[in-house]
Amino acid sequence: MLQRIRDAVTIANNPTSDAETKKQALEFLTQAKSDANAAQLFSSLLNDGATDDLTKFVALQVLNDIVTESSNNTSQQSLIYIKDVVVELLRNKVTNNIRNPEYFRNKVAELVTGLFYAMYGDVNNNHWVSFFQDMISFLSIEPLTKAPSQDFSQLGLDYFLRICGFINSEIADQTFVRSKDIQLKNNNIKDTMRLNDIHRLVTIWLNSLKTLIPQQQQQQQQNSTSLAVLALSCIGSYISWIDLSLIINPEYISVICNFLDFHGTRIACAQALCEIIAKKMKPMEKLTLLSMLNLTDKVATVEHDDLEVYEQLAKLSSSIGLELAIVLDQCNDGEPTPELQEVAIAADQQILTQVAPLVFKFMSHEYDSVTQQCFTFISQYLSFLKKVFALGGKPGSAIAIVSRKQPLDAQHQEFILSLLNICFKKMRIDESSDEDADDEIEEFMETIRSKLKIFQDSIAVINPTLYLENLSNHIQTCLGCPDWRDLELGIYQMHNLSESIRNNLFGLNKNEISTSQPAMVMSKFMGILLQNSAVFQMDNQYVEILFFELVVRHNSYLSGEKDEIALLNIFCSNFGMFNKREKVRLRTWYLFSRLLKTTKPKFHVSILSEIIAKISPLLPIKVTSVNADGSEDDTTFDNQLYLFEGVGLLIGANCDSNYDLLDQVLTPLFTELESCISAQSQAPEVILQCHHILMAIGTLARGVHGGLVPENQVNNALVSKKLIERSLIEKFSNIAEVVLVTFSYFNKHENIRDASRFTFSRLIPILNNEMVPFGNKLIALFLESDLKMLEMNDFLGFLGQMIHMFRKDEGCYQLFNNLLTPVVSKLLVVLEGIENERTKEADSWYTNSNRENGKNLVLTDSFRDTIILKKAYYAFLQSFITNSVTSLLLTEKNRQILPTILTELLTYSPQEVQETSAMKLALNVLVNFVKFFGSGKCTDPNDVHAANIERLDGLNEFFISRSIPLVFEIPFKPEYKFNVKEGSFRIVATDLSRLLREVYLQSGGGSDINSNPCLAYMVNVYLPQIQFPQQLIVELVETLITSDQKAFEKYYINLITKLSS
C-alpha cells in the first residue's frame, strides 16, 4: 500500500503524465486519505527511508487535514496518535541533525500548529497544556530559556521559531476575517499563552538573538542569519498582542537594534522595529520609546546596500516619522496641557532635526520603490502642518476654518522647501525611461507623480506665497531646458498651478481669483508657452499630448483672439492634428473639438477660410477594410467626426453670419455620396462609405448649431429660431433633401437607416418647423423598411423628439395625424415577430425559474427585446401627453387604431408584471389617457385641437370594463406573483389605485352608485362576480368616494396586504 501511495504521488506530480492517469492517481490518494487507518498509513511514510521528500510532504498535508477534521469532530484519538508521531519525528530530526528543505520544515511547523490549535488551552480542555515545555525539551533548546548559550540545537531552534510564527498566523493574523466563534477561541488561546507561556517564548527569542550576534560582521553564518531572521519575525508579529514591557525595555531593544548592522538581518530587523513602534501607546510613552531606539542615527549609517534593504529602511524611517506625527496630532487634540505641549514640541523637533533629513534622503533615492515608502509620513505630517500654519484653502472649507494660521517659522519653512525641491526632482520622468516605455511611464505617473502633486497642493494650502514663488521658478527653468523630460514636467507643473487656482488652494475671494497674482503668473506662462518654438519642434508624444491637454482645459488663460488663432494654427500643424503618431493625432482631433465647444471663438470668415483650408486634408473619408458584418476595425473615422464637429462650431460661431464656408466642406461629401449612389453595386464598402458621410454631415450640423446657440439654450427652439439666418436654413434644407435621396436608395441597410435618423435629428434644431415636410418623407421611408428591434426603439425616440420640438406646429400635428396609425401598426408587427421568437421557450423558462422575491428578471433575449421596445413605445405615447396632443388619438384617422393601443396598455403577461419598470411606464400612460379622454371627450386644457374633436361614444364604458378587472386581477391572481411589500410592486399598486380613481372621476364622480357607471359596474357586476366580500365592497366604494388620491392609495395598498396575507 505504501508503494502504491508513493507511485500515485509521483504520477500526480509528473508533468509528463497524461490527464487520465493523473486523475486516477488523485482519486486513489483521495480514497486513501478517507480510509479509517489513514493517520497510521501516512504517518508510516514519514519515517520510511524509501520515501522521498515530496511524498513525505504529501503525507504531512494529509495528516494536517486529518488534524483539522478531528478538531472539528472533537475526536481526540486521531489527534493523540498524530501528536505522538510528530513528536517522535521532530525528536529524530533534531537528534540526528537531519535538515530537510525549508518547505518541508514549514509543513512540519504547520502540522504542529494544527495540533496546538486543537489541543492547547482551556478552550480545548487542556489536552496539551505542556505544549511549549514539550517543544522546548525535545527540540533541545532548554539552555535558551535561562541565558544565551551555544549549547542548543540550531535545527531545533529553527523548528521552534517556525512553529511560533505559524501559531501567531493562526490565532492573531488580522489579514483574514474570522467568524465570531473562531475569534473567541483565538482570544482564549492568546489569554492562556499570555498567562502561562509568553514569558518563555520572549526569553528564548532574546537569548537566541544574543547568541546569534556575531563578534564581527563577516562571521555571521547563513544558519545564524536565518535563525535571527525567524526570531525577529516572531518578535514583530507577537508585539501587537503581548505585554509591551516584555520586549520594550532597554536590553531587548538594544539587542534587536544590533541586527541593523548586518546585511542579512537588516530587512527582518527593520520590519520588527516597524511593528514595535507602531504599537499604540500614550504620547509620552511613544516619544520615550522612539528616543530610546534612536534609530535615525543607526539607519543613516547604512550605505551601499541592495534595493530591498533600502526600501525597508525607508519604510522604517517613514514609520518613525509617522508615529511622531501621530503624537503631534494626539497632543493637539482637545485642550493641550503644559505636559502635552512639551511632548509635542519634542516630537516636532525630532521630526525636523532627525527624521526629515533621513526621510528626504530616501525620498530622493533613484528608485521610485524607495521613494514610495516615505509617503505615509509626509502625508501625515503635512496634515498636521495644515492645521497649524495653513493660510490658503477655499474660504469656508474645513482646513481654512480649522487652521490656527500661525506664522511659518524658519525650521518648518526649510522642511517645506526641501520637500518641494524633492517633489520637483522626483516628478521628472527618469532618464532610464525612453519615450516608448508607455507602461513604465504610466505606472510612474499613477504611483509617484500623482502622490507628489498632492504634497505640492498641501504646501500651496500651508503657504501660498512660498508655493507660488518656488513653483514659478521651477516652471521657468523647465520651459527653458532642451530635454523633453524637462519640457514635459514644465507643462505638467503649469497644469498643477492652474488646478490649484481652479480649486482655490490660495484661499482667495471668488471675485479676486481671475485678477490675482497666481492667475497673472499662469497667463504669463501660457503666453511664454505659446511662443516657445522649442516646444513645437519637440518630437515627443508626452510633450505633444500634454501641451494640448493643458491649453484646452485651461483655455481661460489665453489672451484674446491673437492667442486663439495662434493656438488653432498649432493644432493644424505637424505638432498636432497632422502628427505622424496616430495616438497624438487622434487625441488632438478630440481636443480640437473640445476646445471649440468651450470657447466658441467668433472669427471673421477670412480667418476661418484659412483655418478650414488647413484642416481640409483631414476631412476626406476613407473606408479601409470591411468585416463580414459590414463594420470596420479602424477607429479613425470615429475620431474624424470630432473634426467635422469642430469645423461646424467654427462656422456656426463666425461673427459675419456668413455660412458659405459650409459649401467648402459639404461639396466634397455630396460628390462622394453621388458616387456611392451611382455605384454599380451596393457593396459593403459603398454602404459603409455612405454611412460615414451621412454621420459626418449630421455631426457637422450639430457643430453649426452648437456654434450658433448658447450652451444653456441648445434645446430651446425659440432661441434657435431667432439666431438662425434664412441662408443657413436653405443650406440645411438642401442637406435634408440629399439625406432623403440617399436614404431612399439605401433604405434596406440598417446602418444607413441609423445614420439617416442621426442626421435628421441634428437638422431638426436648425430647420425647426421647416423640417416637417422632410420628416413626413423620412418617416414614410422608415415605415417601408424592415426595421429591427433596436432600430424601432431609436425610431420611436426620434418621433418623440419631433413631437416635442414641433408640438405647436399645425403641419406637424397633421403629419402625426396621418402617420400615427402606420407607426403603431409597424410597431405591432415588430413586437409580433419578437413574440413569435420567445413563445417557444418563455413559458418553460418562467415555469422553471426560481423567483424567490419577485425581483425584476429578464428571462430570455427575446423577452428582454420585448420589454425594451415596449418601454420605448410607452415613452412615445407619453410624449403625446407631455406635449398636449392627446387629441391625435381621437381623430377620425386614428380612432380605428385606438382600441389596439388601449388593449396593449391593458394587457399584461405574468412575466411583464414582474418587469415593474415597464409596468410603471405603461400604467402612467394609461392613467393620463383616462384623465384626458376617459369620458370619451378630450379634456386636456392645453390641447389646442381638443375642441375640434368629437366625443367618442363607448370609450368610457371600454375603460370601465377593462380597467377595473386589471386593478383587482394583478394584485390578487397567483400567477402574477405580486408582492406588495416590495418597493417596486408597491409603486405599481399606487399606479393601479390612481387608475381606478381616475376611471371613477371620468365616469362622473359623485356618491350616487346608479348615476356613476364605474361604481355601478363595480358594485353590481364585477365585484360580486369575483365573490368579493360584501362588507369590503361597501368599504371600498365609500373610501373611493370620500377620500383624496393619497388616502385612497394608502387604503388600496392596505387592502392588498390584508387580502394577500
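Mentor: A residue is called buried under 20% relative accessible area, exposed over 50%, and partly exposed in between, with a 1.4 Å probe and protein chains only. On that scale Arg-994 is partly exposed at 21% relative accessibility, whereas Asp-991 is buried at 8%. This is a predicted model, in which local features need pLDDT of at least 70, side-chain atom pairs count only at pLDDT 80 or more, and totals for chains, interfaces and linings use all residues. Residues are numbered from 1 along each chain as its sequence is written, and side-chain values use heavy atoms, with hydrogens and water left out.

Trainee: What pLDDT does the protein average, and over which residues does pLDDT stay under 50?

Mentor: The score is the predictor's confidence in each residue, from 0 to 100. Here the protein averages a pLDDT of 90, and 96% of the residues score at least 70. Residues 844-858 stay under 50, and the model has 29 contacts (heavy atoms within 4.5 Å) for them beyond four places in sequence. Where pLDDT is low, the predicted coordinates should not be read in detail.

Trainee: How far apart do the C-alpha centres of domain 1 and domain 2 lie?

Mentor: Domain bounds come from an automatic or database domain assignment, which for this protein gives domain 1 as 120-279 and domain 2 as 860-1060. Their C-alpha centres lie 76 Å apart.

Trainee: Which residues have the most contacts inside the largest nonpolar core?

Mentor: Such a core is a set of buried Ala, Val, Leu, Ile, Met, Phe, Trp, Tyr and Cys residues joined through side-chain atoms within 4.5 Å. The largest one has 373 residues, and those with the most contacts inside it are Phe-160, Met-193, Phe-415, Leu-497, Phe-547 and Phe-876. At least three residues of this core come from each of domain 1 and domain 2. Beyond its neighbours within four places in sequence, Phe-415 touches residues including Leu-352, Phe-360, Tyr-381 and Leu-385.

Trainee: How many salt bridges does a search of the whole structure find, and where do Glu-645 and Arg-702 lie?

Mentor: A salt bridge is a side-chain nitrogen of Lys or Arg within 4 Å of a carboxyl oxygen of Asp or Glu, and the search finds 41 of them. Glu-645 and Arg-702 form one at 3.4 Å, N to O. Glu-645 lies in helix α31 (636-652) and Arg-702 in helix α33 (684-708), so the pair ties together parts that are 57 residues apart in sequence. Helices are DSSP runs (H or I, at least four residues), numbered from the N terminus. Glu-645 is buried at 6% relative accessibility, while Arg-702 is partly exposed at 33%.

Trainee: How many residues apart in helix α45 are Arg-994 and Asp-991?

Mentor: They are three residues apart, about one turn of the helix (983-1002), and their salt bridge is 2.9 Å, N to O. Arg-91 and Glu-88 are also three residues apart, in helix α5, and their closest N and O atoms are 3.5 Å apart. Arg-428, Glu-431, Asp-483, Arg-485 and Asp-486 are linked in a network of salt bridges.

Technical notes: Helices (H or I, at least four residues) and strands (E, at least two) are DSSP runs, numbered from the N terminus.
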